[in-house]
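User: Could you walk me through this one, starting with the charged side chains and then going on to the pockets?

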Amino acid sequence: MSAWWTPGTKATARLNSVAHFPFGDTYFKEMKITELKPFELIKWNYVAGAGEWIGTNISFKLLEGDKNTILNSRPEMQGQMEQQTIDKNALLLFHHDDWKDYTLMFAECSYTWGQFLRSLKLFCETGKGKPWPTQHKI
């Protein structure tokens, strides 16, 4: 996660452990791992840091399979799957749920998550992501 989200991340892949994500010297996020299925799913509950994130839940779910398998479970991916040139694929389903309100922070986070997911894609494809604070630099 340090390579694609934020340097200095401290996390252990263990249920109920709390991961620490620093963004500079004074700003951080902490999330408790509430569900963990290696190579398939991780769910976090936000427990400390920015007030608007408290109580929100984040999940990363990985679906693997050929184009037809993925399209059978996620038909809305038709356009994306048509662009794939290989048969074996992986689809990442990301959620950041349970916001109390749709605020400016919610909007900014929605945009910035897109940048971090792009960073994750770059990391997976090239071995080098664009973690904070470089996520907005193309």
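This is a predicted model: local features need pLDDT of at least 70, side-chain atom pairs count only at pLDDT 80 or more; totals for chains, interfaces and linings use all residues.

User: Which residue does glutamate 76 meet in a salt bridge?

Analyst: Its partner is arginine 74, and the N to O distance between the two side chains is 2.8 Å. Arginine 74 counts as partly exposed, because its relative accessibility is 29%.

User: And how many salt bridges are there in the whole structure?

Analyst: The search of the whole structure finds 4 salt bridges. Besides the pair formed by arginine 74 and glutamate 76, there is a network of salt bridges that links Glu35, Lys37 and Lys43.

User: Is glutamate 35 buried, partly exposed or exposed?

Analyst: Glutamate 35 is partly exposed, since its relative accessibility comes to 26%.

User: OK, switching to pockets. How much space lies in the largest pocket?

Analyst: The largest pocket holds about 1300 Å³ of space, and its lining is made up of 34 residues, with Leu62, Leu91, Leu92, Leu120 and Cys124 lying nearest its centre. By class, that lining divides into 23 nonpolar, 4 polar and 7 charged residues.

User: Which elements supply at least two residues of that lining?

Analyst: They are strands E2 (27-37), E3 (41-48), E4 (57-66) and E5 (88-97), together with helices H2 (78-82) and H3 (104-126). The largest share of the lining, 7 residues, comes from H3.

User: What about the second largest pocket, which residues lie nearest its centre?

Analyst: Lys29, Glu108, Cys109, Thr112 and Phe116 lie nearest the centre of the second largest pocket, which is lined by 14 residues. The elements giving two or more residues to this lining are E2 and H3, and H3 provides the largest share, 6 residues. The space in this pocket is about 190 Å³, and its lining has 9 nonpolar, 3 polar and 2 charged residues.

User: H3 keeps coming up. Which of its residues are buried?

Analyst: The buried residues of H3 are Cys109, Thr112, Trp113, Gln115, Phe116, Ser119 and Leu120. Of these, Cys109, Thr112 and Phe116 are also among the residues nearest the centre of the second largest pocket, whereas Leu120 is one of those nearest the centre of the largest pocket.

User: And what covers those buried residues of H3?

Analyst: The cover includes strand E1 (18-23), as well as E4 and E5. E4 and E5 also each supply at least two residues of the lining of the largest pocket.

User: Last one: how far apart are the end C-alpha atoms of H3, and what span should its residues give?

Analyst: The end C-alpha atoms of H3 are 33 Å apart, which agrees with expectation, because its 23 residues should span 33 Å at 1.5 Å a residue.

How values were computed
Residues are numbered from 1 along each chain as its sequence is written. Side-chain values use heavy atoms; hydrogens and water are left out. Buried means under 20% relative accessible area, exposed over 50%, partly exposed in between (1.4 Å probe, protein chains only). On a 1 Å grid over the protein atoms alone, a cavity is a set of points where a 1.4 Å probe fits but cannot get out, and a pocket is an open set with protein on both sides within 12 Å along at least five of seven lines; lining residues have an atom within 4 Å of a point. Grid points are joined across faces, edges and corners, and a volume is the space filled by probe spheres set on the points. Helices (H or I, at least four residues) and strands (E, at least two) are DSSP runs, numbered from the N terminus. Ala, Val, Leu, Ile, Met, Phe, Trp, Tyr, Cys and Pro count as nonpolar, Asp, Glu, Lys and Arg as charged, and the others, Gly among them, as polar. The expected span of a helix is 1.5 Å times one less than its number of residues. Contact means heavy atoms within 4.5 Å.
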